[in-house]
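This briefing is meant for someone meeting the structure for the first time.

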Amino acid sequence: MSIEYFLNSLYLIKPEIVVTTFLVFVVLLDLFSNKRNNLLPFFSILGLLVTGYFVLEQFGLKGLAFVTSDSRAMVSVDSFSAFFKSIVVLSSIYFILMTVYSKEMEETFDRTGEYYTLMFGMVLGMFFMISGSDLILLYLSVELVSLSSYVMAGFAKNSEKSSEASLKYLIYGALSSGLMLFGISLIYGLTASTNLYELNPLLIVSEANSFILMFAMLLIFAGIGYKISAVPFHFWTPDVYEGAPTPVTAYLSVASKAAGFALLIRLIKVSFIAEKDTFGFWIYNPIFNWQDFLVIISVATMTLGNFAALWQKNVKRMLAYSSIAHAGYLLAALAVLSDTGLVAVLVYFAVYLLMNLGAFLIVIFIKNKTGSEELDSYDGIGFSMPFLGVSFTIFLVSLTGLPPTAGFIGKLYLFIALVDAKMFVLAIIALLNSVVSLYYYIRILKHMFLAKPSENSPKEELSAVQFIILFSLVIPVLLFGVYFSPIVELAKNSILLLGF
Amino acid sequence: MQQVPLLSLITFLPIIGMILILFLPKNNEKVIKSLTLAVTGIQVLLGIVIWRFYDYSLGGIYNQASFQFVEKFRWIEISSVSWLGTIKIDYFLGIDGISAPLILLTAVITFIATLASWNIKTSIKGYFALFLLLDTGMMGVFVALDFFLFYIFWEIMLLPMYFLIGIWGGPRKEYAAIKFFIYTLLGSVFILLAMIGLYLSATETLADGSKVFTFNMLQLMNAENYTADGILSPLNPSNLRLWAFLALFVGFAIKIPMFPFHTWLPDAHVEAPTAISVILAGVLLKMGTYGILRINYPMFPEITNQLVWWIALFGMINIIYGALCALAQKDFKKLIAYSSVSHMGFVMLGMASLNTAGVSGAVLQMFNHGTITAMLFIIVGIIYDRAHTRGLDDFGGLANQMPVYTGFVTIAFFAAIGLPGLSGFISETFVFLGAFHVESIRLITVISTLGILLGAGYMLWTLQRIFLGQLNPKWSALEDLTAREYAMLIPLTIIVIALGVYPSLMLDLMNSSVNTMVNFLLKSPETFSGLPF
Amino acid sequence: MMTIGLQHFLIVSGLLFSLGIFGIMTRKNAVMVLMGIELILNSANINFIAFAKYGNFGYHGQMIALFVIILAAAEAAIALAIVLNIYKNFSTVNVDEVNKLKE
Amino acid sequence: MSENQIILFSLFSLFAPLLGFVVTVILGKRFKFMYLFEVAVITLVLLASISVLFVKLGYLPDTKIVSEFAWISLGNLPILGDFNLSLGIMIDNLTVIMLFVVSLISTLVHYYSIAYMKGDPRFNRYFAYLGIFTFSMMGIVLTHNILMMYIFWELVGLSSYLLIGFWYEKKSASDASKKAFIVNRIGDVGMFAGIMMIFVTYHTFTFDTIFENISSGVLPFNSDFWLTITGLLLFCGAIGKSAQFPLHVWLPDAMEGPTPVSALIHAATMVAAGVYLVARIFVLLTGDALFIIAVVGALSALIPATIALTQNDIKKVLAYSTISQLGYMILALGVGSFAYGFFHLITHAFFKAGLFLGSGSVIHSMHHEQDIQKMGALRKKMPITYITFVIFSIAIAGVPLTSGFLSKDGILAGTYAFGLLTGQWIFAIVGFLVAMMTAFYMFRLVILTFHGEARDHHKFEHAHESPLLMTVPLMILATLSVFIFYTANPVDAEGGWFLSKWVKTPTTVVPESARYSFMVSDANIEEIAHSEKIVHSVSYSEALHHAHMPAVFLSLFLAGLGILTAFLFYQWKKLNADKLASSLKPLYNFSYNKWYIDEFYDATFLAFTMALSRFLAWFDQTIVDGIVNGTATITRFFSRFTGGFDTYVVDGLVNLFAYVSGMFGLILRKLQLGKVQAYVVLVIFSLVILVFLFTNLQIG
C-alpha cells in the first residue's frame, strides 16, 4: 500500500478533512476568545461553504478511498454521496442561521464554541455515514453523530424538557446502536468480513444460516431505523423533537435523517443487489426479502406518523410526527427497489429539505414573538403576522403534497415509482395517508386564519435578513412546484452510486 | 388572431391582478375592489373576443389540428439519464366546442361574482387575492390540454376555496370548509393515481421519432400510443382500465356532485358567502362533468360505452333525489343547493346518451345551470343581506314590497323549472330527446321526466311562500334592488332569455365538437378493444 | 476436561446481550441503565474476538473490539454528563420520573 | 290580399300582443295609462285576424299556407341523422277561425276589464298579463309543429298561473295558481313523453311531415300499439289543459282569478286548446286511442255535470259546466265526429265567455258576492245582463235557434251514430243525460240569480246595471250565439257553410289495421256533389243520417225536461229542492263535495310525495351524510371521552373516515407513554415480532 495511493485516498476525502480542520479551528477560536463570540457562526458558515465547494467537486466523481489489499474500501466517493453531503451542508447552514435568530438559544450563546464544535462533529459523522462502505466505519460514524446530537438535544441545560430529551435520546440511541453493533458482529461471524462490497458476493453465494443472517440484518436495521425514525424504532422522535431546541430538532429531522437514508440505501444497494433488469428494477438476492420488509415498515411508519399527528396540540410535536410520516413515504419509494424509486427518494429528499426546514424556521420565528409552540397560541397569526402566515401555509401545503408546490413533485415521483412497479396497494395507502395528513396540517391553517386573533397578539417585525432567509426557502418551494427539471436532473445524475 | 396568446392571457390575468393586490396597502379597499372588477371585466372582453374569432367548423376533442387558440411549448424536459427515459411535459392550452362555452361561463360568472362580493367587509385584500387565484384555477382547468397542467389547475382551486368559505363564511364555516376540502382532495388523489397510470402506459412519438411517456390528453386518447405492456394499455388483459375509469369517475363525480357524494354541497353552499356560492354552483360543479367529458369519455371509450347505463342511472337518482330533498327544505339556500344536485343530474343523463342531442344538451345544460343557479344564489344573497334570514317560512308577500326583485325571481325560477322561452327548457329538452333516443336508458329517461314535475313543485311552492300572500309586517322596511344588484341580475337575465329564444348561439358553438366526440365514441371502442368484458 | 469452543463464547456473549437488554428494560436508576448498554457493547466485542480467533479471520476482530471499547468510554463520559444534568433539573436519576414529554 | 299578407297579418297578431306585454310590463309602473297601449294593440290584432278570416275563408278555403324558418339547425348528425328544427306557422281554416275567436274574445275581455278591474293597484300589470296570454294562445293556434305547440302550451300555462294568482294576497288564489300550473304540468309531462316518441320515430316535429311518415307506414317501434300510446301521451296534454277527468281539479279552483280572466282563459280559449290539440293530431289517433279519448270525454262530461247540479257559487257552477262542455267536445272527437267537436268548441267559446262575463257583471254589481243563494230578482236591476245571460243559457242548454243547439245536437247525433256503427250506446246515453242535466243546472242558476225575490236585501239595494264597457261585450257575444252565423237552417248545421265549406273532417293516416272502419280515409271518402256536403266516410254519413232525427227530438225533449224541472223546483216551488236533497243526502253530499276527488288526491299523491321528500331529506341528513360522513353525534359522544382535543376535531372531523382515523390515532398516541424504558420494551417486542414475521415471509 504505497504512499501516493494513500495521498489519493486523502484527496478523495477532502470535504471530511475540511470539516475536521474547521472543527479544530472552532475549538481554538473558542479557546482564545472571550465568552460570547459572535464571529463563530459566520466562521462556521464559511467553513461549511468551503466544505460545500469540495462536496460539489465530488459530483460525477467515482472513487474508493483506503482500499486495502483485498479491495476493502473504507470510503466510497460518488455523486450519490455528494448529493446527500450537499443536503447535509445546506441544512447545517440553515441550522446555524436558525440558531442565530432563535430567542430560546440566546441563553446558550456563551457556549457557542462547544455548540459549533459539536455541529462540525455531527457533520463529520454524517459525511462518513453517507460515504462509508465498511460496517465498522459506519457504526463508528453513527455513534459520532449520535453522541454529538445527544448533547445538542440537551444543549439548553436549564430547560427540563431539553435535558429530558437528551436522556431519552441517549438511552434509546445507545441501545439501538448497541443492537446494531451486535448485528454487525454476527455478520462478521458469518462472512468473516464487514465490508459492504465484500459482503455482496459472499451473501449471494452464502450457505450461511439465513435465520441468523436475517436476525443480524434486523439488528443492524434497528440502528439505522432509529436514525431515520422508522416505526417501530421511532419512539424517541416525538419526545426528543419536542424537547430539544427547535433548531436542533430541525437539524435532526433533516440532516441526520438524510445520513441515515444514505447509509440504508448504500447498504442495500451495495451488499444485496447483484444487478438490475432492463427497466432499472434491482434484482435483490432472496436471502433477505428487502422489498416486503421495507413495504411493511413504510406502511407502518407513514400510517402511524400521520394518525398520531392528528391529535397533537404542540406544533413541534406535530411536525415531529409528520416527519415520521415523511420517512414512511421515503421508505415506500425505496421499497420499489428500482432506479426510478431511488430517483423518487432523492427528489423527495431535496424537496423535504426545503419544506421541513421552512416549517421549523417559521415555528422559531413565531416562537420568538409569542414564546409558545402550542397550537392555540397560533390563533389569528395569519392576520397579525400575514407574511409568516402565508409562508407557513405554503410550506404546509407543500408538506401535504398539493400543487403548485415542490411537495407535489416529491409525491408525484413517489407515486410514479410505485405505479411503475405496479405496487398499487402501497400507492393507495400512501395516497389515503396524504389525505389524512391534510387534517392536521390544515388544523394549523385553521388556527392561523379561521380563529380570530387574540388581542395583544404581537405584530410581525422581521429583519431584512430574516426575510431573505425565509424567501430563500419559500421561493424554491413554489418555483420547483411549477418547474422541477433542475431537482430531477440532479437526482437522476446522483443515483449512480458506486458499483452496478 | 392566433398569434396573441389569448388563453394564457385570460388564464393568468387574475394571477397578475392578485400580485398587484398583494402589493397594494391594506386600507384602500376601493382600489382593490375596482382592480378585481377590472381584471374580471377584461376577462369577459377576452371571452367575447375568443367567441368572436372562434371557428365553428372545427371539431377538436382528439385532434390537435382542430383545436383553437392552441398554445403549446415544452415546459418540462428531463432527458439527462437515458436509461430512465426522458420526461417531457408541455404547456399545452387550447379550446374546442366543449370548453369554449365553459370559458365564457367562467368569465361571466366571475365578473358577476366580483360584483356580488362588493359587500365583503373583513380583510378585503385577502379575499380578493384568493378570489383571483381561484379564478385562474377555474379558467386553467377549462383551457388545459395537458393532464399534468389540468391537475395542477384542478388542485390550485382547493386552497382558495377552503379559505373563502372558511374565513368569510357563515356560522358553521369551518365545518363546511374542511368538508369541502377533504372531499375534493379525496377525489383528486384518485384522479392523480389514474393520471400516473395513464402517463406510464402511453407514449408520444417526438419529432426525432423517439417515444416518451406523455401527459398530453390528445395523445392519451389515441389507442395506438399505448405501449403493449403499459399498465392501462387496452392490450393489458387485466381490467385495470375499468378501475382507472372508476377512479377518475369518482374523482369527478365528487365535484359534480353525484349521489351519494353530494353531501358536501348543501353545507358548503349554506355557509359560503353569496359570491362564493355563485362561483361554486356556477362554475365548480361543471368541472366534474367537464372532466368526465374531456377525460373519461375519450380516453376510455370502450368502458364508457359499457357504463352509460350506470351514468344515466345515477343521473336519474340525482334528478329525482335532489328534487325531493329540495321539496322538504326549510332553508332557501339549501333548497337551491339541492336543486343544483337535481339539475346536474340532467347533465349526467344527457352525457349518458352518447348522441349529439344528449351531449349538446348536457353541455348546454352546464352553461344554463351555471347562469340560472348564479341568478338564484344572488337572489338568495339579496334577501339574506336585507332580512338576515333564509327561512322560507319567515317570509311572505314580498311581491308587493319588492316588485322588481320579485320579477327577477320569477324569471329565474321559471328558467330553473324549464319554462320554454328561457334557457333551461332547451337544454333539458335536448337532454331528454337525446337520452330517450337510446334503447337501454329509455325507461330511466321516462322516470327522470318526473324531475320536471317536482321542479315545478318546489320552485312554485317557494315562490308562494316567500313572495305571495300577505306581507309579513316585519319586512315592511325591505327596499327593492340597488344599482349593483341590477348590474348582477340583468346580464344573467339577458343571457337566460337570449339562449331560451335562440339557443343556436351556444349550440352552433359546440355542435361540431360534440359530433366529433360522438363519432369518436362510436368508432374508437374497436381500437380500444381487447378488454375482458 | 472439555475444551472451550466457539459456542461457549457465543453463549456467554448471548447471555451478556440478554442481560444488558434486561437491565436497560428494568433498572430504574439511569446509571444502571447505562451499564446495561455497556454489557451489550461488550457482548458484541466478545463475538468479534471469538469469531476472529476461531474463524482465523486475522486480527480484524480484535481491532474492532479496541475501537468499540474506546467508543464505549466516550459514550459513558457523555452519558454521565447528561445524567448529571438530569439530576440538576429533576433532582433524581430515576428514569421513570423523567417523563414530562409524552403522548 | 295574397298568402304573404295573410302570413304577415297572422305574424302580426302573434307578436303584437307580446310587444304589448313587454312595453306594458316595463313602463307600466311609470305611466298610469300604459294599459291603453295594450288595448290598442289587441284591437289592431282583432282587425288583422278578421281580415285574415275573411280572406282565407272567402278566397282560399281549401289551401293550407305554411311558412317556416330554421331555428336550430345542427345539420346531419352521427346517430340522429338530420336534426333541423324550424319555427313556423301553418294557416288553414281551423287556424283562422280560432285566430278570430281568440282575438275577438280577448279584445272584448280587454274592454270589459277596463271597467271591471277599475281601481286595482296592479291595473297595468293585469293588461300586460292578458297580452302575454294572447301571445301564447295565438302561438298554439298558429304553430305548425308539436314542439312549438308544447312551448306555447307551457307559456299559456305560465300566463294562466300569473292571472289566476293575480290577487296573490289571497292564499286561496296563490294556491289555486300553483295547483293549476302543477296539475297542468302532469299532463304536459305525458305530452312531452309523446313528443319524445315522435322525435325518436320521425326526427321531426312538424305535423305534416309526421302524418306523411305515418301514412307511408312508419310507426313508433313499428307497431299500431305504440302509435296508440303516442297518440294518448299527446292527449295527456289535452287532459291537463282542457281540465279533463282526472286532471280537471284545477279548473274550479282557477275561478279565484278575476272573472274576465275566467271568461277568456278558463272558458273560451285556453281550456279549448286541448280540444284544438286533439283536432290537430286527430288523424294519427288510432281506433283504440279514440275510444279511450271518448271515454275520458264522457267521464269529464258526466262527472262535473252531476257536481254542477248542487253548487252554489255562480262561478263554480259555470266552471263545472265548462269542464262538462269540454268533455262533450272531446267525446265528439272521440266518436269521430270531428267537425261537430270543433263546431261546439267555437259556439261554446262565445256563449260560455258570455256567461262568465255576465256572471262577472253580476258579481261586480253585488260587490263580489258569488253565492247564488244570496242573490235573486236581479233581472229588475240589471236587464241587459239578464237578457244576454238567458240567451247564453238557452244556447248552452241546446234550445233551437241558438248556435249551441246546432253544435250540441251534432255531437249527440255523432254519439248516436257511433252507437249505430259500433253498438257502443254508452256514449250516446251519457251525452243525452248530460244534455238534460246541463239544461237543469243552467236554469237553476238563471232562476236563483235573476228571478224570485232578493235574498240579500242589503246587497240587492246597491246592485246596479254595469257600465256599457261591460254590457256591450255581452251583447256582441249574445248575437254570436245565434244560429244564423253558422248556417241558414236553424235545426241542421250539416248544410251550413261553417261545416260544409270551412271545417272538413281530415282524412286519417292511421293504418287499416288500427282505425275505425268508418273513419274518413282515401279509401272510403265520400264527397257528394262538388263538396257541398261535409266530408264523411260513406258508412259514417248514412249512420249520421239515421241518427239525426232521433237525436234532435231526444235532445229537444231532454233539454225541455231539464228546464222544466228547474222551473218546477226553483221558480214555481212545486217541488222542494231541500227536501229532495235531504232525502238523497248521501248522493247530494257526494255531488256537493265534488265526489271528494280533491280530498282523494291530497290524501294520496300529494301526501305521499311530501312524506317521501321529508323522509329523503332526513335520510340525506343522517344516513347518506352518515355513511359517507359519519354523524356528529358519534363524534360528540366520542369527544366527551377524549375530551382533550379542540373543537376543530368535533367540527372538522365530523366524518366516519376521520372518526376511525381519529380513534386509531388516539390509540397510537397512547403508545407514546413518555417513559423511555417503555419504548425500549416496545422496540424489543416489535423486533421479536419482526423476526417471526420475517422467518415466515422468508419460508412461506
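In this predicted model, helix 1 of chain B covers residues 6-23, and at 1.5 Å a residue its 18 residues should span 26 Å, which agrees with the 26 Å between its end C-alpha atoms. That helix belongs to a chain whose secondary structure comes to 21 helices and four strands. Chain B also takes part in the pairing with the most contacts among the five pairs of chains that touch, namely the one between chains B and D.

**Helix 1 of chain B**

- Although the end-to-end span of helix 1 of chain B agrees with expectation, the helix bends by about 40° at B:Phe12, and a proline, B:Pro14, follows within four residues.
- The buried residues of this helix are B:Leu6, B:Leu7, B:Ile10, B:Thr11, B:Leu13, B:Pro14, B:Gly17, B:Met18 and B:Ile21.
- The cover over those buried residues includes helix 2 (29-53) and helix 4 (124-143) of chain B, together with strand 1 (68-78) and strand 2 (87-95) of that chain.

**Chain B as a whole**

- Chain B has 21 helices and four strands, and its radius of gyration of 23 Å is close to the 24 Å that the globule rule gives for 533 residues, so the chain is as compact as a globular protein of that length.
- Taken along the principal axes, the box filled by the C-alpha atoms of chain B is roughly 75 × 60 × 40 Å.
- Of the 533 residues in chain B, 67% count as buried.
- Among the contacts in chain B with a separation of 6 or more, 79% are accounted for by residues 24 or more positions apart.

**Contacts between chains**

- Where chains B and D meet, 41 residues of chain D are in contact with 45 residues of chain B.
- On the chain D side of this meeting, the elements that give two or more residues are strand 1 (65-77), helix 5 (146-164), helix 6 (171-202), helix 25 (597-629) and helix 27 (647-652).
- Helix 6 of chain D gives the largest share of that side, with 13 residues.
- Sorted by class, the side of chain D that touches chain B holds 27 nonpolar, five polar and nine charged residues.
- Chain B and chain C, by contrast, are joined by no contact, and their closest C-alpha atoms lie 25 Å apart.

- The largest nonpolar core has 724 residues, and the members that touch the most other members are A:Val347 and A:Tyr348.
- Helix 14 of chain A, residues 339-370, gives the largest share of this core, 23 residues.
- Leaving aside residues up to four places away in sequence, A:Tyr348 touches A:Tyr329, A:Leu330, A:Ala333, A:Gly410, A:Tyr413 and A:Leu414.
- Helix 17 of chain A runs over residues 406-420, and at 1.5 Å a residue its 15 residues should span 21 Å, in agreement with the 21 Å between its end C-alpha atoms.
- Because 15 of the 15 residues of helix 17 of chain A are buried, this helix is largely enclosed by the rest of the structure.
- A:Lys422, whose phi is positive and near 60°, follows helix 17 of chain A.

**Cis peptide bonds**

- In chain B, the peptide bond from B:Phe259 to B:Pro260 is cis, with omega near 0°, and B:Pro260 has its place in the loop between helix 9 (240-255) and helix 10 (264-271).
- In chain D, the peptide bond from D:Phe245 to D:Pro246 is cis, with omega near 5°, and D:Pro246 is found in the loop between helix 8 (224-241) and helix 9 (250-254).

**Loop residues in chains B and D**

- B:His388 has a positive phi of about 60° although it is not a glycine, and it lies in the loop between helix 14 (356-387) and helix 15 (398-401) of chain B.
- With 8 C-beta neighbours inside 10 Å, B:His388 counts as exposed, since the cut-off for that class is 12 or fewer.
- D:His203, which is likewise not a glycine, has a positive phi near 55° and lies in the loop between helix 6 and helix 7 (207-215) of chain D.
- With 18 other C-beta atoms within 10 Å, D:His203 is partly exposed.
- D:Glu494 is in the loop between helix 20 (468-480) and helix 21 (497-502) of chain D, and with 21 other C-beta atoms within 10 Å it is buried.

Notes. Residues are numbered from 1 along each chain as its sequence is written. Chains are lettered from A and ligands numbered from 1 in the order in which they are written. This is a predicted model: local features need pLDDT of at least 70, side-chain atom pairs count only at pLDDT 80 or more; totals for chains, interfaces and linings use all residues. Two residues are in contact if their C-beta atoms, placed from the backbone, lie within 7 Å. Ala, Val, Leu, Ile, Met, Phe, Trp, Tyr, Cys and Pro count as nonpolar, Asp, Glu, Lys and Arg as charged, and the others, Gly among them, as polar. The expected span of a helix is 1.5 Å times one less than its number of residues. The bend at a residue is the angle between axes fitted to the seven residues ending there and the seven starting there. A residue is buried if 20 or more other C-beta atoms lie within 10 Å of its own, exposed if 12 or fewer, and partly exposed in between; C-beta atoms are placed from the backbone. The radius of gyration is taken over C-alpha atoms; the globule rule is 2.2 Å times the number of residues to the power 0.38. A nonpolar core is a set of buried Ala, Val, Leu, Ile, Met, Phe, Trp, Tyr and Cys residues joined through C-beta atoms within 7 Å.
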